[in-house]
Amino acid sequence: MEAVTFEWDENKNRLNQKKHKISFEEAQYAFSDSKRIIAKDLEHSKNEDRFYCFGRIAENIVTVRFTYRNNKIRIIGAGYWRKGKQIYEEENKI
């Protein structure tokens with residue numbers, strides 16, 4: 001089984017850290033949560049499919065926006081959004 005690899009735009013990563021207080025390096029751990037939720041992002045990008053990953057990192061639920069490019073997960077954005085936490089808790093009956 002091939003290891004999952006991640007990539008991102010470093011400028012976007014820095015902006016995301018300032019705005020949402022989470023780095024993409026940290027955000028990738030949401031994918032390691034065995035109870036993570038993956039949902040298709042129906043509102044953004046007409047050129048490629050985009051998705052959300054709702055996953056737990058330590059005590060927090062993180063929402064990660066991403067796409068697949070060249071067999072890699074490309075992180076587009078991440079944050080501690082209430083809606084993502086709500087979806088995670090409803091799906092996992094927390």
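First, the ground rules. Residues count from 1 along each chain as its sequence is written, and side-chain values use heavy atoms, without hydrogens or water. Because the model is predicted, local features need pLDDT of at least 70 and side-chain atom pairs 80 or more, while totals for chains, interfaces and linings use all residues.

Start with strand 5, residues 72–79. Strands here are DSSP runs of E, at least two residues, numbered from the N terminus. Is strand 5 mostly covered or mostly open? Covered: 7 of its 8 residues are buried. Buried means under 20% relative accessible area, with a 1.4 Å probe and protein chains only.

Now its partners. Two strands pair if DSSP finds at least two bridges between them. Strand 1, residues 6–7, pairs with strand 5 in the parallel sense over 2 bridges. There, Glu 7 stands opposite Arg 74. Strand 4, residues 60–69, pairs with strand 5 in the antiparallel sense, over 7 bridges. Thr 63 has Gly 79 as its bridge partner. Strands 4 and 5 form a hairpin with 2 residues between them. In that turn, Asn 70 has a positive phi of about 50°.

Next, the rings. Rings of Phe, Tyr and Trp (its six-membered ring) pair if their centres lie within 6.5 Å; planes under 30 degrees apart are stacked, over 60 edge-to-face, the rest tilted. That gives 7 aromatic pairs. Tyr 52 and Phe 54 are stacked, because their centres are 5.8 Å apart and their planes at 15°. Phe 54 is buried, at 5% relative accessibility. Phe 66 and Tyr 68 sit at 5.5 Å and 90°, so that pair is edge-to-face. Phe 66 is buried, at 0%.

How values were computed: Buried means under 20% relative accessible area, exposed over 50%, partly exposed in between (1.4 Å probe, protein chains only). Helices (H or I, at least four residues) and strands (E, at least two) are DSSP runs, numbered from the N terminus.
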